[in-house]
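Have a look at the model first, then read on.

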Amino acid sequence: MNIYLLIILVSLGGACALGIIARRLNESALNPELPQEFSGIFDPEKYQKSQSYTRAGMRFENFNSLFSTIVTIIFIIAGGFNYIDILARGAGYGPVATGLIFFAILALLGDLVSLPFDIYHTFVLEEKFGFNRTTVGTYIADKLKGYLISAILGGILLSGVLLFFNAAGSFAWLWCWLFTVAIMVAVQYVAPVWILPLFNKFTPIEDGELKQRIEQFAEDNGFELSGIFIIDGSKRSTKANAYFTGFGKKKRIALFDTLVNELSTDELVAVLAHEIGHSKLGHIRKMLITTILKTGVIFLLMSFFLESRPLFNAFGMEQMSVYAGLIFFALLYTPVSIVLSIFSNIKSRKHEYEADRYAADKTGNPESLVSALKKLSASNLSNLTPHSFYVWLEYSHPPVLSRIRALRGEGS
């Protein structure tokens, strides 16, 4: 036991306890009385179902978090990282290839632990509440595709980082930072064309009122689009969504078929106006810059710990290596990561309010967005009365009731 191990164990246990407390508070905040704003949207049966869904989700997350944390702590104390290191080194390759083997073994073990929970969540919890449409074949195909993409992209990224830290001297962190940023930007261009279509079918939207209204709104507000697509989200879930992909002139709108079937044209335009608002208000650019700067700081800090013998001693490692150091620093970084995520969520919630206001102003019809939020909350069985502490800790979006009241100028 040394100071590094103490910090890591306390951080892991503390993060788990904090999450459990927040979820228990969130469960206790469930109000049997339906907020008046949702009268006519939720009937008593649906509202009760939404609260049951929230309870089931919170309890599932509590068990999942507790189990994963216990397994991780046991693995650390039992010297699991050293056993994997010995196994990886036994292949007889150089530091980069050995590091890739080390990470691959850890990833497979992690997936083995999480797989039963993922299967339960998809085929039991989501199925029970009428959301799941994923077949066993689709689930297995998604897993295999995910492994392939992770192996390719993760292998490229890790190879570069390991190569630089092993060969580039005192400025290795800088080269790692630049290389990682290059990969991040490249993925933004590649994902819409090569990666996302592996999982969903993207069909160009048919000519008609919806396409015309979206294109007209984008043109009126100086937002350049390269395409509008309907994706078959319903093959996995009944939940609805929409998102943008790409940069610059390669921006695409992706609408889940479930969303198109759920909302009216005015409501769909309002939802997309909100997403366009994020771009026009500079939220996406600010988020990207923040992520890039944070990545640089992480690599700089990491460079100070990769040769720390006490850090490796904390994990019972017989030999030091860059690849193991990356994992150990990530664990040591846990409390900082939690604090930064809280501030990130605060900023994100502010951006959501701003994008809502942008959509209301530009469409001239805030009630269309209000109506869309109500319908999506009902179809997704959203929690209408989350606890303020849980919101502060976990929510990247404001609670839907707060968003509706802000759109109507009523305050939260």
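A cavity here is a set of points on a 1 Å grid, over the protein atoms alone, where a 1.4 Å probe fits but cannot get out; its lining residues have an atom within 4 Å of a point. Points are joined across faces, edges and corners, and the volume is the space filled by probe spheres set on them.

This is a predicted model, with local features needing pLDDT of at least 70 and side-chain atom pairs pLDDT 80 or more, while totals for chains, interfaces and linings use all residues. Numbering runs from 1 along each chain as its sequence is written, and side-chain values use heavy atoms, without hydrogens or water.

On that basis there's one cavity of 30 Å³ or more. The largest cavity comes to about 40 Å³, and I214, F217, V269, L272, A273 and I276 line it. Two helices (DSSP H or I runs of at least four residues), α7 (209-220) and α9 (265-280), each give two or more residues to that lining. The biggest share, four residues, is from α9.

Now the nonpolar cores: sets of buried Ala, Val, Leu, Ile, Met, Phe, Trp, Tyr and Cys joined through side-chain atoms within 4.5 Å, with buried meaning under 20% relative accessible area (1.4 Å probe, protein chains only).

| Core | Size | Some members |
|---|---|---|
| Largest | 42 residues | F38, I214, L255, L259, L263 and L369, with the most contacts inside it |
| Another, apart from it | 40 residues | among them W173, W177, V181 and L326 |

Notes. 1 Å grid on protein atoms, 1.4 Å probe; cavity = no way out; pocket = protein on both sides within 12 Å on 5 of 7 lines; lining within 4 Å. Buried < 20%, exposed > 50% of the residue type's maximum accessible area, 1.4 Å probe, protein only.
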